[in-house]
Amino acid sequence: MSEPGTVADLDLGPALEAVLMVVDEPATEEHLAKVLERPRRAVADALRELADEYAVQARGFELRLVAGGWRFYTRPQYAAAVEAFVLDGQQARLTQAALETLAVVAYRGPVGRSRVSAVRGVNCDGVMRTLLQRGLIEDAGAEPETGAILYRTTNYFLERMGLRGLDELPELAPFLPEADAIEAETQEGVPSFDPDAPDTDADDKTDF
């Protein structure tokens with residue numbers, strides 16, 4: 001039995017609220033259960049009760065299950081107020097080129113740099129480098145046939161998009177070409193992608 005004054009003696013709901021106020025990424029039910037010394041099922045039920053409570057009260061925030069974990073988010077209808085306060089009217093958004101590249105990786109990943117470039121029709125080295133630096137995509141290993149590095153979206157991407165998994169992406173994949181016939185890795189003279197190399201391509205300079 002737990003000693004008086006330990007974590008296990010705290011009211012579960014308020015304890016969860018306190019922890020979730022300080023997380024910088026979605027917290028899994030397993031991790032929360034371990035930290036608060038409670039059964040996972042009790043934690044899962046309490047989280048859903050809190051989420052329902054905030055929804056009924058129409059609070060300015062909500063508790064959502066995203067990318068395998070729970071985290072507080074601003075309720076969408078109050079996004080303008082948050083942006084006005086945090087960004088002071090200035091918004092740092094991804095460029096159109098970055099959004100297009102990210103979409104290809106999300107729908108076709110794991111995918112190589114050459115496939116992404118083939119789908120977009122331009123060299124994407126600088127764009128891919130930016131997405132890597134922002135933590136939106138990551139190395140997913142090498143393609144067995146060519147040894148080319150493959151990339152996929154990250155949990156941070158799911159978190160920013162408000163998705164539980166890639167299966168929640170809208171139906172867009174059928175409109176993205178496969179580009180198998182123009183796979184750049186099979187063409188002579190195409191350099192390998194070095195994520196640490198400086199930008200040199202003209203298209204990259206116009207994208208960012």
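# Cores, strands and rings in a predicted model

Student: How many residues does the largest nonpolar core have?

Tutor: L102, V116, M128, L131, I137 and F157 are the residues with the most contacts inside the largest nonpolar core. Such a core is a set of buried Ala, Val, Leu, Ile, Met, Phe, Trp, Tyr and Cys residues joined through side-chain atoms within 4.5 Å, where buried means under 20% relative accessible area, exposed over 50% and partly exposed in between (1.4 Å probe, protein chains only). The number of residues in the largest core is 25.

Student: Which helix gives the most to this core?

Tutor: Helices here are DSSP runs of H or I with at least four residues, strands are runs of E with at least two, and both are numbered from the N terminus. At least two residues of the core come from each of α5 (96-108), α6 (113-120), α7 (125-133) and α8 (155-161). With 7 residues, the helix that gives the most is α5.

Student: How many residues are in the second, separate core?

Tutor: This core includes L12, L36, A46 and L63. Its number of residues is 17.

Student: Why do the buried residues of α2 line one face of the helix?

Tutor: In α2 (residues 29-36), the buried residues are E29, L32, A33 and L36. An α-helix has 3.6 residues a turn, so residues three or four places apart point the same way. Directions are taken from the helix axis to the C-beta atoms. Seen down the axis, the buried residues of α2 line one face because they fall within an arc of 100°.

Student: Which elements do the buried residues of α2 pack against?

Tutor: Contact means heavy atoms within 4.5 Å. The buried residues of α2 pack against α1 (12-20), α3 (40-57) and β2 (69-74).

Student: Which residue in β5 does D139 stand opposite?

Tutor: Two strands pair if DSSP finds at least two bridges between them. Strand β4 (residues 137-142) pairs with β5 in the antiparallel sense over 4 bridges, and β5 (residues 149-153) also pairs with β3 (residues 111-112) in the antiparallel sense, over 2 bridges. In β5, D139 stands opposite Y151.

Student: Is the pair of Y54 and F61 stacked or edge-to-face?

Tutor: Rings of Phe, Tyr and Trp (its six-membered ring) pair if their centres lie within 6.5 Å; planes under 30 degrees apart count as stacked, over 60 as edge-to-face and the rest as tilted. The ring centres of Y54 and F61 are 4.9 Å apart. Their planes stand at 65°, so the pair is edge-to-face.

Student: Which residues do ring pairs link into a cluster?

Tutor: Y54 and F72 form a tilted pair, 5.8 Å centre to centre with 50° between the planes. Y54 lies in helix α3 and F72 in strand β2, 18 residues apart. Y54 is buried at 2% relative accessibility, F72 is buried at 16%, and F61 is partly exposed at 28%. The residues linked into a cluster are Y54, F61 and F72.

Note on methods:
Residues are numbered from 1 along each chain as its sequence is written. This is a predicted model: local features need pLDDT of at least 70, side-chain atom pairs count only at pLDDT 80 or more; totals for chains, interfaces and linings use all residues. Side-chain values use heavy atoms; hydrogens and water are left out.
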